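Reader: I'd like to learn how to read a model of several chains, feature by feature. Could you walk me through this one?

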Amino acid sequence: MTTTEQRQIRVLIAKPGLDGHDRGAKVVARALRDSGMEVIYTGIRQTPEMIAEAALQEDVDVVGLSILSGAHMELFPRVVEALKARGVSDVVLFAGGIIPEEDVAALRALGFRGIFRPGASTQEIVEFVRASVEPRE
Amino acid sequence: MTVDELAEGVLRGDRRLLARAMTLVENRTPRGRHLLRLLYPHSGRAHTVGVTGSAGSGKSTLTGALTHELRRRGKTVGIIAVDPTSPFTSGAILGDRIRMQDLTGDHDVFMRSVATRGSLGGLSEAVADLMCVLDAAGKDVVIVETVGAGQDEVEVARTAQTTVLVLTPGTGDDIQAMKAGIMEIADILVVNKADLPGADTLLGHLRALLMLNRAEGWQVPVQRAIASREEGVVELADAIEQRRRFLETSGALETARRERARHQLLAAMRSALIRRAVGESEGVSRLEEAVERVASREIDPHTAAEELIEQVRER
Amino acid sequence: MSSTRQEWLDSVFAKAVGRAPERQPRFETSSGAEVQPLYTPEDLEGWDYHRQAGYPGEHPYTRGVQPTGYRGRLWTMRQYAGFADADESNRRYRYLLEQGQTGLSVAFDLPTQIGYDSDDPMAEGEVGKVGVAIASLEDMERLFAAIPLDRVTTSMTINATAGILLAMYVAVAKKQGIDLKEIGGTIQNDILKEYIARGTYIFPPKPSMRLITDIFAWCREHVPSWNTISISGYHMREAGCTAAQEVAFTLANAIAYVEAARARGLDFDSFGPRLSFFFACHNSFFEEVAKFRAARRLWARIAKERFGARDARSMMLRFHTQTGGATLTAQQPDNNIVRTALQALAAVLGGTQSLHTNSKDEALALPSEQAVQVALRTQQIIAYESGVADTVDPLAGSYFIESLTNQVEREAVALIERIDQLDGAVAGIEQGFQQRQIQDSAYRVQMEIEGGDRVVVGVNRFVTEEPPVEGLLRVDPAVGERQANRLARLRAQRDGARAAAALTALREGARAEQVNMMPLILEAVESYCTIGEICNVLRQEWGVYREKLAI
């Protein structure tokens, strides 16, 4: 029996913007599920407001975003703003997709604690999520 | 944040705190139970609706469309969407928001995805508690959408005042539902995807079945819908409204309320007992020990259970 | 001396393996079928040259649809390009044509593909990013400025809004004074794979299929040389499926289009010759060559046996190939040039009609001009230096290639049968069948890479520290603003009454199922209605599709 008081990590995986390349997002969702987490998957074409609102309502610990269209420098800051506007300040943010090295510093400054570029393994992502979620009741 | 502050936030309609409160309740922590204690007296106002049906029947789409209609009628809505936990990894993928994404911008709709989690104490109890929180937060209608249409769903659906069973043509859904015993507890039947071949046959079959009416005097309506085009949702919202009025005027609501209270109380007692008997780490090994003895036929399960409970009393 | 393969396996081979074991316990194709250590005539027992290979230009077209292969004309070297706004893309096209490219291939940005104007809030951040932003006929006129449309063929990767972009292209041709019979090209127009893998759908399947069949019917009459659809396995492959799944899902979609068109009263031979296909080419060299040959043979049989084609052209599977974007690595990007060259070679040996070679930097950004040039040069080296284009289907008769061709075909046939049992490709999509299959394959590959069972050079083996890549192309962020200003001007200056009337007619047409939408779309486009305005009318009438989650 698992003790019912055990902490369940909840992760939101979403694709902001319009690109439909969700292979990575789905593989990551599945890897997180297979490592015992609850993954709220909202799919493609999510606006920053939809993502922030889902993060709020689902009370997730972690939000993972994926963009392959190159719109990350426009859309990621908008997601961060939308989260702040809702008082959701304690979620761990990570990002994946086609993100050039030169954007990494700016995204870190924005609050993205994990940035996973092409070639990253799901194991790295799972370990990142586990390590970043602080024990909470 | 104290539990009192959280409860206050929920009652005030603070969405962030409502979300946090639901986590505590879902995780069945002592703080969660404390919170429920504070919120329970403020619940009982919402009409609770269970939407059940087999996978692929369009429950999420229908729930989304129904919510749109309820919003047009000025009702605030809480939604609990249940998806299965993987028995192998205890993880889950919760994807119901995909079908309800246009509701996300509406602050009078609060949706929460819930995994079945294989915890002792049962899903239906957790769902009842989560409904209570949304109810206390002032939602007029609280909808719970189940995973499929099996035995577990019967339990979950029973926690709602009105159960909507969604069926689709050509899938043998009706047979499955009968086998699972869910047909008996459905208050409204919806044939979704009614533009598919076989819809009329299914409707006819269901109507014939329902000639045998339920004792309480509620005439179970059989409706058609095409949820993806929001067809049939006005009728569904009407039927839910009629059901609510029926429950109120016939006294059935009072009966049902007591029935549900009894059910919830028994369920809560069950989990409290289990929690006390084997809930702590030491208890887990006590459970495992007893499991071994029962498995090896050293002792029968009833006597073993009595022994475990007896130990609680002694402590 | 061994007299059968088994004898050889048991003696000489077993002894050699006993001394030095093989590199892997098992060798596999992308679908997990076992690759034998050796192929011999025994593998082709019962194989009939005439029935299974045949001659080039003859049924079943295994050896190609062109009797002369590439001896007469090489494949079309067609690099997919487009970014920022119309003016910038126009400059890139003219550059590519000067460099010896023989056809254009237009990449549109996502708002254009999903039917949002550049100034729609949904388009935020996406304008001009993965392709050129086209919101109205005015943009299209600038895109093809100084490019005579009777002198190039143009392929447009456009699906949900294919009818609108085709109408714009036609309108530009008309303005250039060109007879519509003289323009040629392709629209992708393949919505089913959008639901399965690529994600730029707008409407639900039913009205989407109607639009597609409307385009078939309208083009036959007005733009007879236009390829009305490019049925694409590419994106499903990129999403993770195997070679055999790529063939199966593509042909299952083709079957769905043919059936939809026939249900609207079109005769197969009236549109069959204008169907074209689009595949990916990945690393597994021989399997990829076999895949193309199997796809051709299978389609010829389906066209003939299932649809009763009489016109030989309806049985010919003509296809475009793009090398595998998903095989490119962000690490050691120069390696991508080699991967692309191998893939391009396989596509040529598989008999492709046209080819796009990826640029080395595409795992990181849109390709730079220099990287595009190397990619194009790769094709030219294969064409002019390697000699592989000098005889037709040079790998035919190889025991391995013919066995693999049979293998891919067999697996594809089994999958198509399963989809038939689900009631066809559309029903399969609604149940998430194809999506789940692709997901499972993608996940398996990912786990193999992470477990080291599948080597990706520079990623999980032969890793080196390297400095970040420089000189990546960045789209000017001001593009969105420029587009918004243009749109504001357009809306103010156009004939408002004509535009409004065109949209009303469009709405009425959308409600009446038997009306062909194309003339209505053309009138809306020529009235300078924007893509967003047109799609919003259709969204209101037809609703929108939501993805079927299948993880």
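Reader: Let's start with strand pairing: which residue in β3(B) is the bridge partner of Ile40(A)?

Author: Ground rules before that: this is a predicted model, where local features need pLDDT of at least 70, side-chain atom pairs count only at pLDDT 80 or more, and totals for chains, interfaces and linings use all residues. Residues are numbered from 1 along each chain as its sequence is written, chains are lettered from A and ligands numbered from 1 in the order in which they are written, and side-chain values use heavy atoms, with hydrogens and water left out.

Author: Now the pairing. Two strands pair if DSSP finds at least two bridges between them; helices (H or I, at least four residues) and strands (E, at least two) are DSSP runs, numbered from the N terminus. Here the partner of Ile40(A) is Leu94(B). β2(A) and strand β3 of chain B, residues 92-94, run parallel and are joined by 3 bridges.

Reader: How many residues of chain A and of chain B are in contact?

Author: Contact means heavy atoms within 4.5 Å. By that rule, 34 residues of chain A touch 39 residues of chain B. For buried area, take the accessible area (1.4 Å probe) that two parts lose on being put together, summed over both. Chains A and B bury about 3200 Å² between them, with 49% of it on carbon and sulfur atoms.

Reader: How many salt bridges are there between chain A and chain B?

Author: A salt bridge needs a side-chain nitrogen of Lys or Arg within 4 Å of a carboxyl oxygen of Asp or Glu. The count between these two chains is 9. One of them links Glu58(A) and Arg97(B), at 2.6 Å from N to O. For polar contacts, look for a pair of N or O atoms within 3.5 Å; within protein, one must be able to donate a hydrogen and the other to accept it, and residues adjacent in sequence count only if both atoms are side-chain atoms. There are 21 residue pairs in polar contact across the A and B interface, both residues being at pLDDT 80 or more.

Reader: What area is buried between chain C and chain B?

Author: About 610 Å², with carbon and sulfur atoms giving 60%. Arg546(C), Glu547(C) and Leu549(C) supply 74% of what chain C buries against chain B, more than any other three residues. The contact takes 5 residues from chain C and 6 from chain B. The rule finds 1 salt bridge across this interface: Asp102(B) meets Arg546(C) at 3.7 Å, N to O.

Reader: Why would a salt bridge inside chain B, Glu26(B) to Arg117(B), be worth a look?

Author: Their closest N and O atoms are 3.6 Å apart. Glu26(B) sits in helix α2 (residues 15-26) and Arg117(B) in the loop between β4 (109-115) and α5 (123-136) of chain B, so the pair ties together parts 91 residues apart in sequence.

Reader: And backbone geometry: where is Arg45(A) found?

Author: Most residues other than glycine have a negative phi, and most peptide bonds are trans. Arg45(A), in strand β2 of chain A, has a positive phi of about 60 degrees although it is not a glycine. In chain C, a cis peptide bond joins His59(C) and Pro60(C), with omega about 5 degrees. Pro60(C) lies in the loop between α2 (49-53) and β1 (76-77) of chain C.
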